[in-house]
Amino acid sequence: MNRRNALLACTLSLAGLLAPLSAAQAASSYPDKPVRILVPFPAGGAADVFARILGEKLGSEMNQPFLVENRPGGGGIIATESAFRSAADGHTLLLVTVGHAVNPSLYSNLNYDTLKDFTPVSMIATLPSVLSVNPQVGVNSLAELIEQAKAAPGKMTYASAGNASTSHMAMAQLNTMAGIALSHVPYRGAPPALTDVVGGHVQMIIDPVVTSKPMIEKGSLRALAVTSAERTPLLPDVPTMQEAGVPGYDFSAWFMLLAPAGTPPAVIDALHEKIQEIQQTEDVKARYTALGAQPGQGTPADAAEFLRREVERYALVVRENNITVE
């Protein structure tokens, strides 16, 4: 081997040794400043609740503040674009829900690629939703609602947390499976949507159990059915959609934490491992149980594959329901 080749071989060998050290250093020094968790919805919704649970525990465990920033609007696009433009160093994270998987089928001019421009960190949680109506609507069961909706196509209204939100997609699925045509009224987040259903401005909503339950208990909303395949302990007397007359209906909201693509794998792994540890602590388990939520499972790679399948699934839902940006 000549001197030049020997030097090249030595250089490549050193690079191979230093690369793992750099990755390890990235993980060991992370985070070295406050971390933002962007939430595409207003404070008070389910996504915000999970972000704040995570932020509180991650901040305590990783010795830097994890600050929740609510960036509502645009069906989640405003927050997502902000995360996309942020440095890929793990100091800006994005908590997404179902709408993140729907937007590619609704918008042809997104400034980011949903699957290529973000790296999943961890599946955070899944939880059921509940279909509730304002008591003045005058229906006491899902069967009565469907009957009334079929008698007046397009006349009955439902609120959602926004275009392509979990609540929008859950109701679109009900429209298709029950053969009805409820009219969509989108809001900028679940809290204002719930407020207008309680106030009688809109007739019904499908919303995560955790945020609707207080109003159901007060009598401000009437629960007709939960969206999951099994009943939830939080509303044990409320039937599932399947029990109430829509065979095969099964819909649970999911929540996933993303980072901008290019974030060092060591940082992704460090965050994921810490989140998994946090979700096994007794206090977080108790908080999840109180929410009726199931902790997320699997690796970052599993989350990436799940998200890919969801993008494909909702492309069909959007097409079958002729959903457009409103």
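**Reading burial and helix packing**

Modeller: Please bear in mind that this model is predicted. Six of the eight residues of helix H3 (residues 77-84) are buried, so the rest of the structure largely encloses this helix.

Biologist: Which residues of H3 are buried?

Modeller: The buried residues in H3 are Ile77, Ala79, Thr80, Glu81, Ser82 and Ala83.

Biologist: How are two packed helices described?

Modeller: In general, one gives the angle between the two axes and the distance between them. Here, helix H2 (residues 46-62) and helix H11 (residues 282-291) have axes that come within 12 Å and cross at roughly 175°. H2 is therefore roughly antiparallel to H11, since angles over 145 degrees are classed in that way.

Biologist: Which residues of H2 and H11 meet?

Modeller: From H2, Val49, Phe50, Ile53, Glu56 and Lys57 meet Asp283, Val284, Arg287, Tyr288 and Leu291 of H11. By class, this contact of H2 with H11 comprises six nonpolar and four charged residues, with no polar ones.

Biologist: Gln64 lies in the loop between H2 and strand E2 (66-70). Does Gln64 count as buried or exposed?

Modeller: Gln64 counts as buried, because its relative accessibility is 19% and the cut-off for burial is under 20%. Apart from neighbours within four places in sequence, Gln64 is in contact with Pro31, Asp32, Lys33, Pro34 and Gly59.

How values were computed. Residues are numbered from 1 along each chain as its sequence is written. This is a predicted model: local features need pLDDT of at least 70, side-chain atom pairs count only at pLDDT 80 or more; totals for chains, interfaces and linings use all residues. Side-chain values use heavy atoms; hydrogens and water are left out. Axes are lines fitted to C-alpha atoms, for helices over the stretch in contact, and angles run from 0 to 180 degrees between N-to-C directions. Helices (H or I, at least four residues) and strands (E, at least two) are DSSP runs, numbered from the N terminus. Angles under 35 degrees count as roughly parallel, over 145 as roughly antiparallel, 65 to 115 as roughly perpendicular and the rest as oblique. Contact means heavy atoms within 4.5 Å. Ala, Val, Leu, Ile, Met, Phe, Trp, Tyr, Cys and Pro count as nonpolar, Asp, Glu, Lys and Arg as charged, and the others, Gly among them, as polar. Buried means under 20% relative accessible area, exposed over 50%, partly exposed in between (1.4 Å probe, protein chains only).
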